[in-house]
Amino acid sequence: MAVTGWLESLLAAEKTALLQDGRRKVHYLFLDGKEMAEEYDEKTGELLVRKWRVKSALGALGQWQLEVGEPVLPGAGNLGPELIKESNANPIFMRKDTKTSFQWRIRNLPYPKDVYSVCVAQKERCIIVRTTNKKYYKKFSIPDLDRYQLPLEDSSLSFTYANCTLIISYQKPKEIMVAESELQKELKKDNRT
């Protein structure tokens, strides 16, 4: 089964872990050269950040691609050489997982809740967010389900809207929750040695 395949590749990867600022930071180096860095809250064990880096065809290290966590604003006030800055009123898409669900937040969406439609596209293996007024459209996949080769289910999807933020939740399948708890046990065991 694919669940054990991904878990085995995680356990077989070369790992470096450290505790810093109340976070457990784990760096994975996979056999194929990919790198993954994760940060967990030390007290709750909740995943705060996950990012990936892949080597280019010539072997140079690429940029980190954020999968989970809040995106870092480029320059944070520094306009840089191009002197163009993205509007802070644009929608901001980010993923923030909980213990029991995958969760995405889309900030700066000013429309009422009944305007939004959130559904699962089975053929494309993704979730689609759209508005009836055709002002916003977003497609995104759940990489965790792809890695474990699990199907997307409509019944696991829900959404809510508050404070100009659309919050989309997808309940984690039991297989993923079991694999995550096994990985946490392994990481805690590695930290003790």
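Let me begin with a question: which residue is the bridge partner of Arg130 in strand 10? The partner is Tyr137. Before going on, the ground rules. This is a predicted model, in which local features need pLDDT of at least 70 and side-chain atom pairs count only at pLDDT 80 or more, while totals for chains, interfaces and linings use all residues. Residues are numbered from 1 along each chain as its sequence is written, and side-chain values use heavy atoms, with hydrogens and water left out.

Back to that pair. Strand 9, residues 126-131, and strand 10 run antiparallel and are paired over four bridges. Two strands count as paired if DSSP finds at least two bridges between them. Strands and helices here are DSSP runs, numbered from the N terminus: E with at least two residues for strands, H or I with at least four for helices. Both strands belong to an open sheet of three strands, in the order 8-9-10, with antiparallel pairing. Strand 8 (116-121) and strand 10 (137-140) each have a single partner strand, so one side of each is left without a neighbour in the sheet. On average, neighbouring strands of this sheet are turned by 15 degrees against each other, direction ignored. For that angle, axes are lines fitted to C-alpha atoms, for helices over the stretch in contact, and angles run from 0 to 180 degrees between N-to-C directions.

Now the whole chain. The protein chain has three helices and twelve strands. Of its 193 residues, 36% are buried. Buried means under 20% relative accessible area, exposed means over 50%, and partly exposed is in between, with a 1.4 Å probe and protein chains only. The chain exposes about 12000 Å², and carbon and sulfur atoms supply 53% of that. Those areas come from the Shrake-Rupley method with a 1.4 Å probe; for residues, only the protein chains shown count as cover. Among contacts with a separation of 6 or more, 45% are between residues 24 or more positions apart. A contact is heavy atoms within 4.5 Å.

Next, strand 4, residues 47-53. Five of its seven residues are buried. Strand 4 runs antiparallel to strand 3 (residues 35-41), with six bridges joining the two. Across that pairing, Met36 stands opposite Trp52. The hairpin has five residues between the strands, and Gly45 takes a positive phi near 75 degrees there. Strand 4 is also joined to strand 5 (residues 65-68), antiparallel, by three bridges. Here Arg50 has Val68 as its bridge partner.

In the loop between strand 4 and strand 5 we find Leu61. Is Leu61 buried or partly exposed? At 49% relative accessibility, Leu61 counts as partly exposed. Beyond its neighbours within four places in sequence, Leu61 is in contact with Glu35, Arg53, Val54 and Lys55. The C-alpha atoms of Leu61 and Glu35 are separated by 9.7 Å, with the residues 26 apart along the chain.

That brings us to charges. Side chains of opposite charge can pair when their charged atoms come close. How many salt bridges does a search of the whole structure find? The search finds 15, where a salt bridge is a side-chain nitrogen of Lys or Arg within 4 Å of a carboxyl oxygen of Asp or Glu.

One of them joins Arg53 and Glu35, with the closest N and O atoms 3.2 Å apart. Arg53 is in strand 4 and Glu35 in strand 3, so the pair ties together parts that are 18 residues apart in sequence. Both residues are buried.

Another salt bridge joins Glu67 and Arg147, at 2.8 Å from N to O. Glu67 lies in strand 5 and Arg147 in helix 2 (residues 143-148), so this pair ties together parts that are 80 residues apart in sequence. Glu67 is buried, at 15% relative accessible area.

Then there is Arg95 with Asp144, at 2.6 Å, N to O. This pair links distant parts of the chain, with Arg95 in strand 6 (residues 92-95) and Asp144 in helix 2, 49 residues apart. Arg95 is buried at 3% relative accessible area, and Asp144 is buried at 3%. Salt bridges that share partners join Glu38, Arg50, Glu67, Arg95, Asp97, Asp144 and Arg147 into one network.
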